[in-house]
Amino acid sequence: MAEEESASVMPKVITFLSSLLEKVAESNDHNQQLQQQQKMSVFHGLTRPNISIQSYLDRIFKYANCSPSCFIVAYVYLDRFTQRQPSLPINSFNVHRLLITSVMVAAKFMDDMNYNNAYYAKVGGITKIEMNFLELDFLFGLGFHLNVTPGTFQAYCVHLQREMLLMQPLNFADSTLTLGKSLKVHLCFNEDESSHQKQQQLAV
């Protein structure tokens, strides 16, 4: 029953997570246009990918076959990464590589069974060598801080659900959508994370 509920919630999570990331990327694109110097990283593409964030996340969701919780955990990782790397904000040039990397790392950490880097590289439209570099850089960027407690997981679910309600209040006002209950079925961590007593958001 819980798995059926998670399956029904996931397309909505993908849609609104992509919308949130698009807002962040667009805002940071505008801010960086006002800056003369921009720090480059392995995640930065030479051009903006032709595929939208929504379509890219849909593709990852379709082919990665990871547990639903991985997408929330990937969201947590993206937030941690941008907070630890303030000179590398999410923008339209790096968001796709950050997404495929964060989901892959989350799947490896969360799931008992997952695909290898070569498979994720094909899903993401990059080479295996590039995927390996992205994973390593992402892990160091996170400071290898991969553990996500139930409290942290729930906090990000609440934040994402709040974004959903703000974007489409009519569709969600009467719903019984509770991301924490629907997606936490795969979460098995016990430690508390006091740093999330305050709301964390993706750096804009």
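## Glutamate 135 and its partners

In this predicted model, the side chains of glutamate 135 and lysine 108 make a polar contact at 2.8 Å (N or O atoms within 3.5 Å, one able to donate a hydrogen and the other to accept it; residues adjacent in sequence count only if both atoms are side-chain atoms). Glutamate 135 sits in helix α6, residues 128-142 (a DSSP run of H or I, at least four residues, numbered from the N terminus). Glutamate 135 is buried, at 15% relative accessible area (buried is under 20%, exposed over 50%, partly exposed in between, with a 1.4 Å probe and protein chains only).

## Helix α2

Let's turn to α2. Residues 53-64 form this helix, and Ile53, Tyr56, Leu57, Ile60 and Ala64 are its buried residues. They lie on the same side of α2, because they cover an arc of only 95° around the axis (taken from the directions from the axis to the C-beta atoms). Asparagine 65 follows α2 with a positive phi, near 55°.

## Aromatic pairs

The whole structure holds 8 aromatic pairs (ring centres of Phe, Tyr or the six-membered ring of Trp within 6.5 Å; planes under 30 degrees apart are stacked, over 60 edge-to-face, the rest tilted).

## Model notes

Residues are numbered from 1 along each chain as its sequence is written, and side-chain values use heavy atoms, leaving out hydrogens and water. Local features need pLDDT of at least 70 and side-chain atom pairs count only at pLDDT 80 or more, while totals for chains, interfaces and linings use all residues.

Key
Helix = DSSP H or I, 4+ residues; strand = E, 2+ residues; numbered from the N terminus. Expected span 1.5 Å × (residues − 1).
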